[in-house]
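Biologist: Please take one part of this model and walk me through it closely. Which side chains pair up there, and which are hidden or open? Keep it simple, as I am new to this.

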Amino acid sequence: MAHEELHLNLRNLTLEDYDQLKILMDTVYDDIGGAWPQPTIEGLINQFQDGQICIEDSGELIAVALTVMVSYERFSNPHTYDDLILKNDKIWHNPKGDSLYGLDVFIHPEYRGYRLGRRLYEARKELCRSMNLRAILAGGRIPNYHKFADKLSPAEYIDQVSRKEIYDPILTFQLSNDFQVMRLMHKYLPEDEKSLGHATLLDWNNILYTPPTSLLDVKKTQVRLGAVQWQMREFHSVEEVLKQVEYFVDALSDYKSDFALFPEFFNAPLMGLTDQMDQTRAIR
């Protein structure tokens, strides 16, 4: 099916694409139920066509990303895939949401290795930026977990994938695309036997996001703490200590830390600047 010379086109899905989309979803998701019914896909396109992105090769659909808008406060907390499904297989879409939610990304098996998934993810990120949305959330399957379930807990498996000691076709890809694992979710997709129902809650933050209200009115839900490892060394002045402190604070600010945590006695070498014969005075 794949050709040496590709003629790729990235665009939004249309109602006329369903027949090809069904074949593609049935091929990729044969282990978890196959394609969404036609009314479900039509509902997504009618409600939020910008979020339904596809890639075609010479007119043939080969990769798709399905997306909806959600509230970050609601879906950054534990949930299941069914929380996104309404009656009659209609998928939840909140047009007033402040974040995107990645429902599915699927690529024809014969087109894997062409970085099509990365193209779809970049298109999603660009949509998030252009709409001034806060983040992209996604529930990620861990389909290789069943191979390690007898010796690793889901958390241990995720940790080893994060450290590149184990390869997982979905989680490894998501981590390489700047998504971060926020939490482990259980019974996310019970029919996903390869993941044993487990999933990761992933988050990509839009650093260009401008909140619609004053920052004073925004409830902060996450705090980033930077912990400093401090090597004790001799100092010849207070200024030397302050320069070292400033270095670490600057480094942590680059990571957008809210707080810098220094060791309890990081300033102990300052005692060496005083008369050591008077220990009480040196400590003070």
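Modeller: Glu-126 is partly exposed, at 45% relative accessible area. Buried means under 20%, exposed means over 50%, and partly exposed is what lies in between (1.4 Å probe, protein chains only). This is a predicted model, in which local features need pLDDT of at least 70, side-chain atom pairs count only at pLDDT 80 or more, and totals for chains, interfaces and linings use all residues. Residues are numbered from 1 along each chain as its sequence is written, and side-chain values use heavy atoms, with hydrogens and water left out.

Now the partner. Glu-126 makes a salt bridge with Arg-129, and their closest N and O atoms are 3.4 Å apart. A salt bridge is a side-chain nitrogen of Lys or Arg within 4 Å of a carboxyl oxygen of Asp or Glu. Side chains of opposite charge can pair when their charged atoms come close. Both residues sit in helix α4, 3 residues apart, which is about one turn of the helix. Helices (H or I, at least four residues) and strands (E, at least two) are DSSP runs, numbered from the N terminus. Arg-129 is partly exposed too, with 31%.

Lys-125 counts as buried, at 2% relative accessibility. Asp-178 is exposed, at 52% relative accessible area.

Asn-177 is buried, with a relative accessible area of 0%. What surrounds it? Leaving out residues up to four places away in sequence, Asn-177 touches Arg-118, Tyr-121, Glu-122, Lys-125 and Trp-204. Contact here means heavy atoms within 4.5 Å. With Arg-118, the side chain of Asn-177 also makes a polar contact of 3.4 Å. A polar contact is a pair of N or O atoms within 3.5 Å; within protein, one must be able to donate a hydrogen and the other to accept it, and residues adjacent in sequence count only if both atoms are side-chain atoms.
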